[in-house]
Each structure stands twice: as C-alpha cells, then as structure tokens.
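Subject: The structure, and what I found in it

Hi,

Here is the structure I promised to pass on. Have a look at it first, and my notes follow below.

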Amino acid sequence: MSSINYDLCKIKGLVFDVDGVLSPSTIPMGADGTPMRMANIKDGYALQLAARLGLHIAIITGADCPAVAARFSTLGIKNIYLKSTHKLPVLKQWMAEHSLSPEEIAYAGDDIPDLPAMLAVGLPVAPADAAVEIKEAAKYICPIAGGHGVARDLIEQTLRAQGKWLDAAEAFGW
C-alpha cells in the first residue's frame, strides 16, 4: 500500500532534480573545485526500470556537469536537461513534447529553484531534508533524505500502484 496520498495510477511522467534529490545536498569538491556527486544504486535501478516500463523520466538540474548526463544516460534516460537555471519553462516544454498533463506528473525537488515547477504538477515531492518552502508545497514528503533513495521510494510506490513493480521479466535485470 502506498504512503502517497495521490492517485499514482495517473502518473505517466517523473521529473527529478539532481543535487539534494538524486544526490545528497552536501557535495564533496574535487581539487579543482569541481563538485563530485554521489549516486544511489537503488535509485539507479528504479530509474532504469521505470524508463524500460514506459514511464517518461526527465532530469532537470542547474548543474553543468557531463558526469551527471553520463550517469543518467546510461540508465536509459533520454531527457536530461543541464544548466536549467529556470526549471518551469523546461518542464513545460518536456510536458508538451510528451503530451503530458500536470496531473500525470510527479516532480521531486528540494530547494527554491524547484518551487515554480513543483507548483505546476499534480504530485510535488520533497525529500525529508528539503527546504521548508518546498516541504510546504509538497503533497508527499519522502521520509528519506536526498541522495539516499528518494527516486526509489517514489518509483517503487508508483509502479506498485500501477501493478508493474516486479510484474515482468524486465524487473530482474538491468
């Protein structure tokens, strides 16, 4: 049973911020000052499974990091938007390209730049350690901190509600 108070059967698209959602909000810096992000393997499994099962997945981040694009591309995610300083126009364009309505979208964000996009979807989601304003806007506050399985939680609950979690051979491979 889902802990999300939303009809997850409506969800056709999932959108994720990176820093603070798919990676922890504390990021080690390389010797040259380049941020070094961590990736959660269980998030990765859930993301690639959701993509293979036909959910539309988008990554919308302000980061300008080829490693971020490479990580999510290897998981089969085609819609990766880097350097998105204003996320709402990117979200609207992605929704139009995939003929998705707001109630069909869940957006997971953690900080102020995510707020306009979160307010434009049916299911705004916040990690446990999100900014106060983000938690106030969220319809679901994940009990997990950013970078520690937020995507897995959202995707697993969505696929379970849709009867797709562990329901096909695709679930048991990468």
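Before the packing notes, one definition: two residues are in contact when heavy atoms lie within 4.5 Å. With that in mind, the buried residues of H1 pack against S1, strand S2 (56-60), helix H2 (66-73) and H6. Please keep in mind throughout that this is a predicted model.

First, the overall picture. The protein has six helices and six strands, and from the N terminus the order is β-α-β-α-β-α-β-α-β-α-β-α. Its radius of gyration is 15 Å, which agrees with the value near 16 Å that a compact globule of 174 residues would have. The C-alpha trace spans about 45 × 35 × 30 Å along the principal axes. Of the 174 residues, 49% are buried. If you take the contacts between residues at least 6 apart in sequence, 55% of them join residues at least 24 apart.

Now back to the helices. H1 has 12 residues and reaches 17 Å from first C-alpha to last, close to the 16 Å expected at 1.5 Å a residue. Its buried residues are Asp43, Gly44, Tyr45, Ala46, Leu47, Gln48, Leu49 and Ala50.

H6 (residues 150-161) also has 12 residues, and its first and last C-alpha atoms are 17 Å apart, again close to the expected 16 Å. How enclosed is H6 by the rest of the structure? Largely, because nine of its 12 residues are buried. Just after H6, Gly163 has a positive phi of about 70°.

Ala145 sits in the loop between S6 and H6. With a relative accessible area of 28%, Ala145 is partly exposed. Leaving aside residues up to four places away in sequence, Ala145 touches Pro127, Ala128, Asp129 and Val150. Ala128 is 17 residues from Ala145 along the chain, yet their C-alpha atoms are separated by 4.8 Å.

Ser84 belongs to the loop between strand S3 (79-81) and helix H3 (87-97). Is Ser84 buried or exposed? Ser84 counts as buried, since its relative accessibility is 6% and the cut-off for buried is under 20%. Beyond residues up to four places away in sequence, Ser84 touches Ile60, Thr61, Gly62 and Val90.

Val132 is in helix H5 (residues 132-137). Here the relative accessible area is 54%, so Val132 is exposed. Val132 and Ile112 are 20 residues apart in sequence, and their C-alpha atoms are 9.3 Å apart in space.

Cheers

Technical notes: Residues numbered from 1 in each chain as written. Predicted model: local features only at pLDDT ≥ 70, side-chain atom pairs only at ≥ 80, totals over all residues. Heavy atoms only, no water. Helix = DSSP H or I, 4+ residues; strand = E, 2+ residues; numbered from the N terminus. Rg over C-alpha atoms; globule rule 2.2 N^0.38 Å. Buried < 20%, exposed > 50% of the residue type's maximum accessible area, 1.4 Å probe, protein only. Expected span 1.5 Å × (residues − 1).
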